[in-house]
Amino acid sequence: MMLETLEESCSGAIVLANIKQALANGDIPPKDVEKFLKACQDHLTKQNKEFSVNDVLNVMEKKIKNKEFTLKGKKLKTSKDISTIMHWSFAVEMMNPTIRSRHTIPAIQNKVQPKHYQNFVEAANESNFFSKKVCIGDKKRGFFWATIRDDVNALRTECEKNGVNFANRIRDILGLIHFIPKACLVEIQIEAKSVKKMTLPTFIEAGKHLRFKARSSSSTSDFGQTCDLGKTCPPNENNDHHGLPEAVVECISLEQPHRLQLKIVGCVKTLPEGRTNMDDPKEQESHDCHFLKLIAGSYEGSLAEAIKKVININ
Amino acid sequence: MIIEQTQLDILNHQTTDQYAEWFLNGFRDWSSSDDLDDLDQAFAPIQNVLSLFDIPLYEQLAEIYNKLTQTGQKAFTTGLAQAISRCMQRPEGVDTLWQMVYLGVSIEAESIIDNIIPSINKYYLDPSESFDEPTFDTFNRIINVLSYWDHPKLNNYWLWAIHQPSLPSDDASPIFLALCRSHPENFPYYLFLASSHFAKLLKESYFPKYMIREFVTIVNWDVVLRNIPRLRLIDPLRKQPDIWFCRQLQKETKNNENWYGVNMILTGLLTIIELNEPFNIFNYYSTIIRVFFNFTDQFQAVKESRSNMEQAYLFFFNKANIIQKQLYDLFGLNKDFTPIYGIPKLIMNIQP
């Protein structure tokens with residue numbers, strides 16, 4: 001039932017398309033997909049009421065608070081350093097409070113001004129910049145999203161050269177649709193040797209994030225690939241919407257020292273995908289349907305049925 | 001963020017008490033509970049609108065607040081204030097209080113101010129109570145965000161808090177800056193109030209660089225100039241308790257665009273702010289005149305506005321010798337003393 005419910009809207013079908021693709025690629029063992037979907041379905045059934053596409057997506061997101069379901073994709077290895085992009089508030093939350101005060105860094109982003117960037121970068125050079133109890137990544141879900149550091153550096157240089165807002169561009173190229181104007185972003189660069197576990201991301205880690213795209217079957221890289229929001233809109237026939245490599249990485253505890261570099265990305269200035277607002281359900285649905293077309297192509301059968309052929313779920 | 005009208009209707013009709021519980025339980029379950037049933041109830045009926053990850057919860061709730069009716073907003077803010085006053089009595093209080101304050105500051109909910117101040121006093125500033133690291137972390141965050149909110153009630157509170165010996169000295173900088181944002185012309189007084197904390201911080205290598213860097217972006221040169229004589233740069237005992245402030249100011253102003261074209265000259269006895277290009281000559285001399293004003297009543301007749309600068313300039317020129325003599329007298333210098341770099345030299349160079 002749950003899978004059929006997802007088929008009722010483009011947002012749900014995006015998740016189905018990603019499940020189907022992950023199974024087809026062999027990106028994740030079918031038993032792990034089955035276990036996760038059954039856990040979601042059990043939770044919905046227990047509520048004993050009709051559920052909507054949104055209900056399913058929300059349960060899927062909440063379920064990843066349980067680490068037993070995440071990081072089940074193919075294991076990845078790389079000698080390249082990685083980068084993760086995060087919201088200013090989360091980066092500041094990770095800071096040692098004394099360093100935060102001493103460098104006069106606002107804890108909430110609507111008080112952040114460019115003048116604070118320099119303070120932040122200088123604070124990041126302090127050996128005790130991070131509070132020891134924190135980790136890189138969300139403790140609740142136990143992982144963070146990452147891309148290749150050199151690619152981010154190259155993009156930064158290109159944006160500086162062409163006078164393009166780097167925050168907008170990195171948001172788009174990494175498919176980070178939830179970062180809307182005023183969101184100030186920070187990059188953490190992490191040495192490859194600090195990474196304990198890194199896997200190919202799947203629909204499980206994506207939760208209800210609706211611009212995740214499973215690796216295409218023709219991909220030659222082990223990494224996942226983001227969908228560049230700057231290329232998906234306006235809707236056209238352009239299939240070249242690939243962004244940067246992506247992976248999910250197990251949280252890195254900062255109790256032990258790691259060589260990290262923090263960089264300011266800046267604040268996002270525009271809405272993604274050429275949108276006029278993010279509150280309009282019709283506009284949302286129209287963009288979701290366009291995205292679905294990009295990732296599922298001309299598939300005409302039932303995505304739910306296709307998945308059920310591979311895994312055992314009602 | 002897409003929210004249905006039916007959800008908004010429920011929120012718009014919640015009472016203050018309902019909101020208080022909504023915040024207390026919601027923040028608790030959202031932050032720490034791994035139980036999906038708890039998560040299903042947290043912030044109902046909008047729990048499915050909120051994202052668990054990637055966007056701070058307080059920002060998402062601030063967005064919800066902006067969509068409520070006036071009545072809904074009133075209940076929301078009053079309920080938040082109630083939740084803040086009760087929060088520290090609960091086991092998870094330290095983990096959730098700061099998040100509620102972040103929300104309150106984001107939506108500028110005035111009603112939270114009266115309720116957070118007693119908690120700061122009781123759990124952070126009471127000299128008879130010691131606090132653990134999580135409590136320190138929470139209240140340090142709270143002082144941080146509140147210090148960026150220019151509100152008369154908070155400013156009154158900061159005036160008291162900044163000279164409390166029990167205030168962790170690191171918090172003196174954000175509070176000093178908060179006061180300067182509100183009444184920049186009083187910065188010498190605030191510097192005086194915080195002097196015991198700053199005296200401690202001056203032993204640390206990072207201080208006062210970052211505080212002054214922020215200071216020069218919120219207080220312009222004109223205000224500083226007019227108030228420099230209120231700093232404790234010269235006193236009968238020949239001590240200069242505030243000279244560190246001027247020295248750092250001199251360094252930071254060189255790189256600050258608000259202060260473009262402004263040089264500070266520290267003479268040891270006197271601080272002069274000198275204006276270079278692109279300021280015009282009248283501004284240049286008016287600045288020097290203003291420094292004189294601050295040391296003697298003799299020149300009060302000269303107004304500071306640009307419109308009568310010509311008059312001021314002539315006055316200044318005619319009185320140059322007197323001014324110089326007065327300065328020498330003022331600082332107890334004899335006539336053989338090499339002119340203090342800056343003022344006397346400039347006086348002698350003035351041409352009508």
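In this predicted model, 33 residues of chain B are in contact with 32 residues of chain A, where contact means that the C-beta atoms, placed from the backbone, lie within 7 Å. Five helices of chain B each supply at least two residues to the side that touches chain A: helix 3 (36–41), helix 6 (93–106), helix 8 (133–146), helix 10 (172–182) and helix 13 (209–218). Helices (H or I, at least four residues) and strands (E, at least two) are DSSP runs, numbered from the N terminus. Helix 8 of chain B gives the largest share of that side, six residues. By class, the side of chain B that touches chain A holds 18 nonpolar, seven polar and eight charged residues; Ala, Val, Leu, Ile, Met, Phe, Trp, Tyr, Cys and Pro count as nonpolar, Asp, Glu, Lys and Arg as charged, and the others, Gly among them, as polar.

A word on conventions. Residues are numbered from 1 along each chain as its sequence is written, and chains are lettered from A and ligands numbered from 1 in the order in which they are written. As this is a predicted model, local features need pLDDT of at least 70 and side-chain atom pairs count only at pLDDT 80 or more, while totals for chains, interfaces and linings use all residues.

I turn to the interior. A nonpolar core is a set of buried Ala, Val, Leu, Ile, Met, Phe, Trp, Tyr and Cys residues joined through C-beta atoms within 7 Å; buried means 20 or more other C-beta atoms within 10 Å of the residue's own. The largest such core has 128 residues, and those touching the most other members are A:Leu185, B:Leu80, B:Ile84, B:Met100, B:Val101, B:Ile162 and B:Phe176. Helix 6 of chain B contributes the most to this core, eight residues. Leaving aside residues up to four places away in sequence, B:Met100 touches B:Phe23, B:Phe27, B:Leu80, B:Ala83, B:Ile84 and B:Cys87. A second, separate core of 35 residues includes A:Ile14, A:Ile64, A:Phe212 and A:Leu303.

Finally, the chains themselves. Chain B has 19 helices and two strands, and 38% of its 352 residues count as buried. Chain A has 13 helices and nine strands. The radius of gyration of chain A, taken over C-alpha atoms, is 20 Å, close to the 20 Å from the globule rule (2.2 Å times the number of residues to the power 0.38) for 314 residues, so chain A is as compact as a globular protein of that length. Of those 314 residues, 49% are buried.

How values were computed. Two residues are in contact if their C-beta atoms, placed from the backbone, lie within 7 Å. A residue is buried if 20 or more other C-beta atoms lie within 10 Å of its own, exposed if 12 or fewer, and partly exposed in between; C-beta atoms are placed from the backbone.
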